[in-house]
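Thank you for making the time this morning. I would like to go through one structure with you, and I will ask you to keep the view open while I talk.

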Amino acid sequence: ILRSTYTIAVLHFAVLRYAVLSVSCSCCLLLAMLTSTEKHTSLLMLSLLPRVLSAVSSLLFITPSFFFFSPPQMIASDGIQESPPVTVNITVIDANDNTPTFPNVSYSVNVYTDMQPGETVLRLTAVDADEGPNGLISYSILAGAQGHFTINNLTGLITVVPGVNLTVGRSYALTVRAADSAPSSQRRSGLLLLAKMLDRESTDRYTLTITASDGKLDGTSTATVDILVTDVNDNDPVFDPLLPHNLTVQEEQANAFVGQVKATDPDLGVNGQVRYRLLTHADLFRISVDGNISTAVALDREQRGHYELVVEAWDGALDPRRTTLTLSINVLDVDDNSPVFSQPSYSVILPENSLAGVAILQLSASDADLNSNITYLIRTEEERELFALDLVTGELRVLYTLDFEKLTSEETTHTLVVEAVDSGGSMPPGLATVTITITDMNDFSPVFGQTVYRGMVAPNAVKGTIVTTVQAEDWDTPGTPASRVHYQVDLEQFFYSASIFDVDKDTGSILTRVNLNEEPNTKFNLAVIAYDSGEPVKFNKTLVEITVLQPSVIPVFTQEEYRFPAVSENAPVGTVVGVILAAAINQSIVYSIVEGNEGGEFTVNNLTGVISTARPLDYETNSSYVLRVEADSLRVFSSNQRAPSKSNTAKVYIEVQDENDHPPVFTKMFYLAGVAEDAKTFTSVLQVQALDKDTGNYSAMHYHLIIPPTADGKDSFVIEPYTGVIKTAIMYRNMRRSYFRFDVIATDNYGEGLSSSAQVVVSVVNQLDMQVVVSNVPPTVVEQNKEQLIGILERYVQDQIPGAKVVVESIGPRRYGDTYDQEDYTKSDLMVYAIDPMTNRALSRQELFKFLDGKLLDINKEFQPYLGRGGRILEIRTPDVVQNVKKAVQSVGYTEGALLALAIIIIICCIPAILIVIVTYRQRQAECAKTARIQMALPAGKPGGVATSNLYEELGDDRTVNQLKLKSHFCLHTEH
């Protein structure tokens, strides 16, 4: 044997007759294995040819380790002689013959939406019996993480990925792989993996045949795997494309069918159950569970004729999938609108002596309905004698020539009610008022204050230099066009002077038309005309003499314009603004401000030219100033003969810097208002206003309320933060005679600056507190003059209740008839109530009637200028609901008397009376039903005070109360 020692390594799963060692020897016929134990002999054997040491049996059960056979000897023999023993060292090494195994096939764990990135979800541990790299396990997520989870490849720790928001109800199915670290060629694998995504809706079951092979012909095995694909919510609902998407519905119909949508979802169970909702216009339309769409309220085509309705379909999963569909809905028209004039009222100025037949106004009305045909008519019959209205065009003409001097004061103003009628429609006509004022003509000419005006100018004066000023007055009525005086140069007289000088049309200032280049001591004469704007135009003329001065006496400014830094409006008096400077040869210079300092805010040092503040500045009054300063020689200044020129005048621009120095001030410190107990939520109650003398953002208001919450924690009112409109926030039913007191805060600079507060009291009322003022003019006239009319009524109420507030509830056409169900648009109903500031509650209806009806003659006199010629209050009455109840009770009283008489007749005439009683009984039942309906319609009792037993007690009619009790008792008795 060539070597004395052999060291070999054997895989621990070496199979039978696996070659372990090949031994070389010279001249030997036999190798023998000398072992000390049967165990070693049974494991190894020697073959003669070739001389190979082989494993007799498998070594799989041997624990991998380094060991020696004891005695570890091998000899070689040629049949005669033997070689010395040789030591064989054999190391059994590990093979990758075990697959990593998880203790459980599946794991279930709950996660929470507030889990932090890196927080542990689950720790997985797999076991591999191999040693070394063959038993070193690494982990990975094969599928299902959706980017939301990650696993540590060494520890098996599953955590949440940073930046992921987990959703309640969502589930995840993670497939985790455990693999050892052996070379890929030594890994054992039987893992069945997906080659691509599955779709249950296409194929919900698979049957696979799996074959395992060791590479030999007979070393194969097969198995059948049945795979059932479970459903996940992976399909969106799909709308039926065959159903129409362009729909129509008629206006003014609630609960009207519009159309239908239908969506399907191929997912199973709740994942495929489709539901619907509207994403747009959900307040106008509704959709049922089966996709039927209808109107929730009556639509108005005139407000909006087309809607884009977005319908959403979603399934019933915890994390639903959604699909939207847009429907186009056109609203069909019905005749539901009256014609409307372009203005509710018109004003026309008609000069006296206008020709008969001349057009004085073009009226125009429109009807929001389609295919309307509008005609025009003067409704006021007495006015048709003076004016005519074209039926088709709406052109208003005067029929006669009017003479202002022959008209009384009332006849100088005419108020016409005109109507526009849709000849093919069924709605009431549209109304408007036309106020025609006849005006006087021009009577006086302007008169100059002087016959001759004189002025001086520098020989090089620039264009626009003011030389002097002329002034004329007109004695026509102030404020009329005939009293407005304007000026112009007479171009025909003194033509050359008119080409050099001009006059300002409005101020009368004589100024240079061009840059002068004239000889000193030259004199110019200029004719100036003053004229008015009356009819016809009247005028007058004056003369202006202008002398050109010597240039040597005219100083020169260093700059034509001076611009100084802005001066704060809080700057103290005497603050220096800037310095101006002029120079002249051998002349002492005197500075003065000749223009732009009308308020005396600034002063200039006559000798130094320093301009400083002379009075406190106010940005809100004037934010900037443009001063014209003049430098004159002391000799010219002393002789009072200033001569502005290009060189000795300059402009000074001064900007005032605004400061937030004024807090907001409310127009009232106490606001008193009312709200009807049946008012809808977000109904406007009143508007508060705070004013700020500052400008810009410093005067931009932000309003908010400080209001105690109601018992259920809600605010009773809300306010629009930038308009100051206070609106209702709750329902006030059954809260009559109660009131709310709260504060409103105004903060300037959009809520960042100074603040002030005012108090608001809102009283809850209903029609039991109101009176109706009926007048003989259309509602449009009352609406136009509402503020003036309410002011007059409020003054008469305040004569009795100081500080009382009169509030308008409604303005509409006059209602008349037995049940007040008829309307007259030539007259109007003005419903009002009054609030007592001492009690913060509404005055009783009886008190309000007494205060107004007793002064009706005086009120009518004050109303007349606003209601127009012949306009007046016809009556003051109680509201419709109260009147209807009284009439119903009176009929009850008459019926009770008749029944009593019938009872006497029954005693005298038995049989005939029975027949009469039967007939009367049926009539009595009808009356009882009518009374019951009236009682059900009455307003509920008031909280916070002594509740009346019924409306009749509230009306204060004792006889009515007794009649109603008797009536109720009789109804009960007859029904039993």
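Let me begin with the aromatic side chains, where ring pairs link Phe-557, Tyr-562, Phe-564 and Tyr-591 into a cluster. Please keep in mind throughout that this is a predicted model. The structure holds 20 aromatic pairs, and one of them, formed by Phe-557 and Tyr-562, is edge-to-face, with 6.3 Å from centre to centre and 75° between the planes. Both of these residues, Phe-557 and Tyr-562, are buried.

A further edge-to-face pair is that of Phe-717 and Phe-740, whose centres are 5.4 Å apart and whose planes make an angle of 80°. Because Phe-717 belongs to strand E58 (residues 717–719) and Phe-740 to strand E60 (residues 739–747), this pair ties together parts that are 23 residues apart in sequence. Here, too, Phe-717 is buried, as is Phe-740.

Let me turn now to the sheets. Three strands make up an open sheet in the order E27-E31-E30, with antiparallel pairing. Strand E27 (359–362) and strand E30 (387–389) stand at the edges with a single partner strand each, so one side of each has no neighbour in the sheet. From one strand to the next, the twist averages 20°. Between E27 and strand E31 (residues 395–398) the antiparallel pairing runs over three bridges, and Ala-359 stands opposite Arg-397 in E31.

Another open sheet has four strands in the order E26-E33-E32-E29, and its pairing is mixed. Its edge strands, E26 (345–351) and E29 (374–378), each pair on one side only, while the twist from one strand to the next averages 25°. Strand E32 (residues 413–422) and strand E33 (residues 430–439) are paired in the antiparallel sense over eight bridges, and the bridge partner of Val-418 in E33 is Ala-432.

Finally, the second largest pocket, which has a volume of about 680 Å³. It is lined by 28 residues, of which Val-685, Lys-805, Val-806, Val-807 and Val-808 are the closest to its centre. Which element supplies the largest share of the lining of this pocket? That is E63, with seven residues, although strand E54 (670–676), strand E55 (684–687), helix H6 (786–798) and strand E63 (805–816) each supply at least two. By residue type, the lining of the second largest pocket divides into 14 nonpolar, six polar and eight charged residues.

Note on methods: Residues are numbered from 1 along each chain as its sequence is written. This is a predicted model: local features need pLDDT of at least 70, side-chain atom pairs count only at pLDDT 80 or more; totals for chains, interfaces and linings use all residues. Side-chain values use heavy atoms; hydrogens and water are left out. On a 1 Å grid over the protein atoms alone, a cavity is a set of points where a 1.4 Å probe fits but cannot get out, and a pocket is an open set with protein on both sides within 12 Å along at least five of seven lines; lining residues have an atom within 4 Å of a point. Grid points are joined across faces, edges and corners, and a volume is the space filled by probe spheres set on the points. Ala, Val, Leu, Ile, Met, Phe, Trp, Tyr, Cys and Pro count as nonpolar, Asp, Glu, Lys and Arg as charged, and the others, Gly among them, as polar. Two strands pair if DSSP finds at least two bridges between them. Axes are lines fitted to C-alpha atoms, for helices over the stretch in contact, and angles run from 0 to 180 degrees between N-to-C directions. Rings of Phe, Tyr and Trp (its six-membered ring) pair if their centres lie within 6.5 Å; planes under 30 degrees apart count as stacked, over 60 as edge-to-face and the rest as tilted. Buried means under 20% relative accessible area, exposed over 50%, partly exposed in between (1.4 Å probe, protein chains only).
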